[in-house]
Amino acid sequence: MNDTEGHVDILVCMAGTGGTGFGTASYLRSRNPNLQVVLVQPHPDSRLTPEHPDAQIIDGVLPAYDVPESALSDYLRPDWSDACINVRTEEAYETAHEVLRAEGLFLGTSAAAALHAAVQVGRRPENQGKNIVVIVPDNGMKYLSTPMYGKKMIKTR
């Protein structure tokens, strides 16, 4: 809150299990009733399903939109968000690799997916000049032996 002088226009957060996003959105809406909340969830191609049993997933993230009501928790519900962005696991991997090369930040899949979505939101003309906050939920330490970082080498200059 200090970095934005208490003003946040848009919150971008992962669906996760819903608790962090729900709580943060509730608090920020108490400060700004016009807050827009963008929920990020795995693209249908990046979810384990009978159709995609071998899909690379975004760990710890559940979908909240376009799923049966019975699959939702008390906190993971689309009604506390205003919009949704689906992110493919490959997009999260690419974002993580780019941020590692350019900024030296070591992101996990959900952090990279959240950042990927926040960049999309920030590029929209209607969001120019707005304060956009993104929750970056994990780092890359537990992903060293996974396809995220083992799949291809991260090249430095």
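In this predicted model, G23 is partly exposed, with a relative accessible area of 36%. The residue belongs to helix α1, which covers residues 19-31. Along the chain, 52 residues separate G23 from Y75, and the C-alpha atoms of the two lie 8.8 Å apart.

Two further positions were examined for burial and for distance to other parts of the chain. D9 is found in the segment that precedes β1. Its relative accessibility is 18%, so D9 counts as buried, the cut-off for burial being under 20% relative accessible area. With residues up to four places away in sequence left out, D9 touches N32, N34, L35, Q36, K130 and N131. D74 is 65 residues from D9 in sequence, and the C-alpha atoms of D9 and D74 are 25 Å apart in space. P33, by contrast, is exposed, with a relative accessible area of 66%. P33 is part of the loop that runs between α1 and β2. Between P33 and G108 there are 75 residues of sequence separation and a C-alpha to C-alpha distance of 31 Å.

The protein contains four helices and four strands. Their order along the sequence is β-α-β-β-α-α-β-α. The radius of gyration is 16 Å, close to the 15 Å that the globule rule gives for 157 residues, so the protein is as compact as a globular protein of that length. Along the principal axes, the C-alpha atoms fill a box of roughly 45 × 45 × 25 Å. Of the 157 residues, 40% count as buried. When contacts between residues at least 6 apart in sequence are considered, 70% of them join residues at least 24 apart.

Helix α2 spans residues 89-103 and has 15 residues. From the first C-alpha to the last, α2 reaches 21 Å, close to the 21 Å expected at 1.5 Å a residue. The buried residues in α2 are T89, A92, Y93, T95, A96, H97 and V99. The elements covering these buried residues include β3 (83-87), α3 (109-123) and α4 (147-150). Just after α2, G104 adopts a positive phi of about 75 degrees.

Helix α3 likewise has 15 residues and reaches 21 Å between its first and last C-alpha atoms, close to the 21 Å expected at 1.5 Å a residue. Burial in α3 involves T109, S110, A111, A112, A113, A114, H116, A117, A118 and V121. These buried residues pack against helices α2 and α4 and against strands β1 (10-14), β2 (36-42), β3 and β4 (132-134). Helix α3 is in turn among the elements that cover the buried residues of α2.

Methods:
Residues are numbered from 1 along each chain as its sequence is written. This is a predicted model: local features need pLDDT of at least 70, side-chain atom pairs count only at pLDDT 80 or more; totals for chains, interfaces and linings use all residues. Side-chain values use heavy atoms; hydrogens and water are left out. Helices (H or I, at least four residues) and strands (E, at least two) are DSSP runs, numbered from the N terminus. The radius of gyration is taken over C-alpha atoms; the globule rule is 2.2 Å times the number of residues to the power 0.38. Buried means under 20% relative accessible area, exposed over 50%, partly exposed in between (1.4 Å probe, protein chains only). Contact means heavy atoms within 4.5 Å. The expected span of a helix is 1.5 Å times one less than its number of residues.
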